[in-house]
Amino acid sequence: MNQDEFYMIEAIRLSELAVEHGNEPFGAILVKDGQIVFSNENQIYSATDPTFHAEAGLLRRFCAETHITDLSEYTLYSSCEPCFMCCGAMVWTKVGRLVYGASDMDLCELLGEQGSPCSEIVFGNSHHKPVVAAGILREESLRVLASYFARNTKG
């Protein structure tokens with residue numbers, strides 16, 4: 001198991017925990033120098049905040065608590081490709097690297113919708129372009145998403 005898989009296991013575990021807490025199955029962690037420095041799960045229902053996605057919530061809380069706003073030395077691991085809003089937050093916080101499991105296209109296929117390559121679109125048209133590693137433990141991430149969305153609707 002490589003380092004990306006090791007941390008992705010934790011992001012996927014958080015996505016499962018989000019479901020246990022009444023939310024949608026998305027989890028994210030922030031890593032610097034081989035250490036998890038912050039983690040977050042989707043909280044759109046429990047926080048009554050449709051913008052409290054795993055990634056955006058992680059970035060808001062981490063920056064507020066640490067007063068660090070330049071995350072160029074950090075890697076964000078997400079169980080699923082971040083949406084446009086979350087990718088935008090990654091641009092503004094200058095996240096150095098993004099690693100995700102399932103893509104937005106994968107997720108939307110499960111939902112019977114048309115997806116978008118969110119990170120490619122946002123990062124490709126912005127002043128900051130994190131390095132992206134896609135599809136890490138994709139099948140494991142898809143299993144959690146498929147299990148949840150077989151019984152629930154999105155948003």
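A residue is called buried under 20% relative accessible area, exposed over 50% and partly exposed in between (1.4 Å probe, protein chains only). The model is predicted: local features need pLDDT of at least 70, side-chain atom pairs count only at pLDDT 80 or more, and totals for chains, interfaces and linings use all residues. Residues are numbered from 1 along each chain as its sequence is written, and side-chain values use heavy atoms, without hydrogens and water.

Six aromatic pairs are present. Rings of Phe, Tyr and Trp (its six-membered ring) pair if their centres lie within 6.5 Å; planes under 30 degrees apart are stacked, over 60 edge-to-face and the rest tilted. Two of the pairs are tabulated below.

| Pair | Centre distance | Plane angle | Class |
|---|---|---|---|
| Tyr 7 and Tyr 77 | 5.2 Å | 45° | tilted |
| Phe 62 and Tyr 74 | 5.5 Å | 65° | edge-to-face |

Tyr 7 belongs to helix α1 (residues 3-20) and Tyr 77 to strand β3 (residues 75-80), 70 residues apart; both are buried. Together with Phe 6, Tyr 7 and Tyr 77 make up one aromatic cluster. Phe 62, in helix α2 (residues 54-66), and Tyr 74, in the loop between α2 and β3, are 12 residues apart, and both are buried. Helices (H or I, at least four residues) and strands (E, at least two) are DSSP runs numbered from the N terminus.

Ser 103 lies in the loop between β4 (97-102) and α4 (104-111). Its relative accessibility is 15%, so Ser 103 counts as buried. Beyond its neighbours within four places in sequence, Ser 103 contacts Cys 80 and Glu 81, contact meaning heavy atoms within 4.5 Å.
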